[in-house]
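Please open the model in a viewer and keep the selection panel at hand.

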Amino acid sequence: MKLKHLNLIFSGVLIVLAGIFFFYADTFKMLPGQADIGPKAFPRFVSVVILILAILLIITELKKNDQTKVQLFNLKFLIGLVTAVLYFLLFKTVGFVLCSMASIFIMEVLLLNEPFKKAWPLVTAVAILAPIVIQLIFGVALKVPLPAGLLSFLF
Amino acid sequence: MVFFQSLLTILHPSILLVMIIGSIGGIVIGAMPGLTSVMGVTLLLPFTYGMDATTGMAMLLSISFGAIYGGSITAILIGTPGTPASAATMIEGRQFAARGEGGRALGISTVSSWVGGTISAIMLILIAPQLAKLALKFGAPEYCTLCLFGLTIIASISGKSLLKGAIAGFLGLLISTIGIDPMTGFSRFAFGNINLYSGLQTVPLMIGLFAISQVFVNLKDGVEQNVITQKVTSILPSWSDLKQSLPVAIRSGFIGTFIGIIPAAGADIAAFVSYDVAKKLSKHPEAFGTGCIEGLAAPEAGNNGDTSGALVPMLTLGVPGDATAAVLVGALTLHGLQPGPTLFTKDIVVVNNIFASALIANLLFLIFGLLGIRVFIKIIQIKPYILTPIIFVLCIIGSFALRNNIFDVGAMLVISVIGYFFVYLEIPIAPIVLALILGPMFESNMRRSLLLSKGSFSIFFTRPISLFFILLAVISLLWPILRKKLEKETGTSL
């Protein structure tokens, strides 16, 4: 995708965002007899400026002949994103240690720069040991109540 | 006397140990291309949740100072800046490495970093209390216009494009309006979600923007294996190298400190300005770019000079000097401390401890830099697939542990995807975070001023300090235009 097109889409998103914030500000309560400019004024001012900046961005992008191309997604990023979302959804039920082991393993494989056949002992060792060490530091020493999930019989 | 007590407090084994861990961690983070100083501080912030304010701040300062120094190791040996702040170091550094003098360059950069950092720390100790006294006289109009000045600087210096820097800043301001209205106490932009009533937590936001977005970038583009072929045995600089680099380092330390004090101008700018000044004042400017000692000492002293300088407005006014200082504001608030002049009256012990730890943190990276360089070189060459996944897990913990709320983890992930897009859209991230801190300050002080003046804006122009800040704001807004004109007239680049 061209950077120019991305910038134009981004400007569109900014305009929508500015609109939402501008009109939603109408719902704010005012104190009776409030003397200052109220809770609406600042967010509205910021939304208007964002709107103006977005339009400026559209104009400058349309004017220049920028052929730079940007690749926003690839399969590795999408797998990483899905891993992160699953981590978030399963965090409480499956627990910190197991979620972390799985996601570290997947991300390591995504980032591998050498054959899996050669790297697997290190990859597996890091995926298993790192979450345990982090659990010991945060869960045990720093007393952060990390969800134990399926391993609740252990922690 | 009080200060020496603080020095003793900081030298207590338990705090010193935490600082040593922080310093080593910081150097490693700084040396890794792709991991920046501000990311390191954000990433390791969760480790300090359970500590007291002094220990926590001492650790964070050690990380940040160490990281700014650590960036030079890769800038010199690999020719890739470990942090953006060491991009200027790279210019001369890689010339040294090409000649096989990587060790010599590392020695000069280590000592210069320490000189710059220590000057900066001393300036912090001298200036901050005076500024805090002055700041006690500040009322709402002064704070409002000071924030305005900070906000204009963000827009005028950040990123490749002025427009995109401004967009980032205003987006930060917009996000900062989510949550409780500073004056009425009513909730704003909660969109019916109870978790948004008190606003988005800044720490998960920062983790999302600075750290996890980088994880996604790494996943997409891959991480290169750092390979250092040069043998570096000892980096203790020779007497003649020291003699040549010291005057430049001292001057650059002051330049860095000054740039650090200006709200929102960070270490990368400090490094480039120091390099430029050194080149202009040098007797042999033609040597710059071919691997000269002065050109190496200047940016290294400059970027570490920024580190404590940025703490001056942060501690005394609550206005962060750079992105790292913005994260430190978050850290102080977590410990129940409100940065600003009252910190110097109510929590002077913590302030003195911060001063003392700034001095010690600089000393630590000097010691570890000079003695442990071979170990750092080994760590930098770690398999590239190991670190990113661990950073991911630490980010999750960091946002969860803040208030044990899974919502914060979700918010962090959403923001991180936005941050990821911003990397490719070339929208700078630091302005968002700075605006997050400055936004609420600006708004509440503006409204308080207008209450005082019964709605008249003249209050901002009739008070001298407030007027002064407005003038500064106007200058900084006009600076890009002024600079172009000046450059045309003088024929030099400013």
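Select Ser100(A) and display its surroundings: apart from neighbours within four places in sequence, Ser100(A) is in contact (heavy atoms within 4.5 Å) with Tyr87(A), Pro131(A) and Val393(B). Ser100(A) belongs to helix H4 of chain A; helices (H or I, at least four residues) are DSSP runs, as are strands (E, at least two), and they are numbered from the N terminus. With a relative accessible area of 0%, Ser100(A) is buried; the classes are buried under 20% relative accessible area, exposed over 50% and partly exposed in between, with a 1.4 Å probe and protein chains only.

A note on conventions is in order here. This is a predicted model, in which local features need pLDDT of at least 70 and side-chain atom pairs count only at pLDDT 80 or more, while totals for chains, interfaces and linings use all residues. Residues are numbered from 1 along each chain as its sequence is written, chains are lettered from A and ligands numbered from 1 in the order in which they are written, and side-chain values use heavy atoms, with hydrogens and water left out.

Next, colour chain A and chain B separately and select the interface. Here 68 residues of chain A are in contact with 63 residues of chain B. The buried area, meaning the accessible area (1.4 Å probe) that two parts lose on being put together, summed over both, is about 5,900 Å² between these chains, and carbon and sulfur atoms give 84% of that area. Highlight Phe21(A), Phe42(A) and Leu111(A): they supply 13% of the area that chain A buries against chain B, more than any other three residues.

Now show helices H1 (3-24), H2 (38-63), H3 (75-94), H4 (96-111) and H5 (116-141) of chain A, each of which supplies at least two residues to the side of chain A that touches chain B. H2(A) gives the most, with 13 residues.

Rings of Phe, Tyr and Trp (its six-membered ring) pair if their centres lie within 6.5 Å; planes under 30 degrees apart count as stacked, over 60 as edge-to-face and the rest as tilted. By this rule there are 27 aromatic pairs over all chains. Select Phe10(A) and Phe422(B), an edge-to-face pair at 5.5 Å centre to centre with 80° between the planes. This pair crosses between chains, from helix H1 of chain A to helix H19 (residues 406-425) of chain B. Both Phe10(A) and Phe422(B) are buried.

Move to Phe105(A) and Phe116(A), whose ring centres are 6.3 Å apart and whose planes stand at 85°, so the pair is edge-to-face. Phe105(A) lies in helix H4 of chain A and Phe116(A) in helix H5 of chain A, eleven residues apart. Phe105(A) is partly exposed at 30% relative accessible area, and Phe116(A) is partly exposed at 39%.

Finally, select Phe73(A), Phe77(A), Phe216(B), Tyr420(B), Phe421(B) and Tyr424(B) together; these residues form one aromatic cluster.
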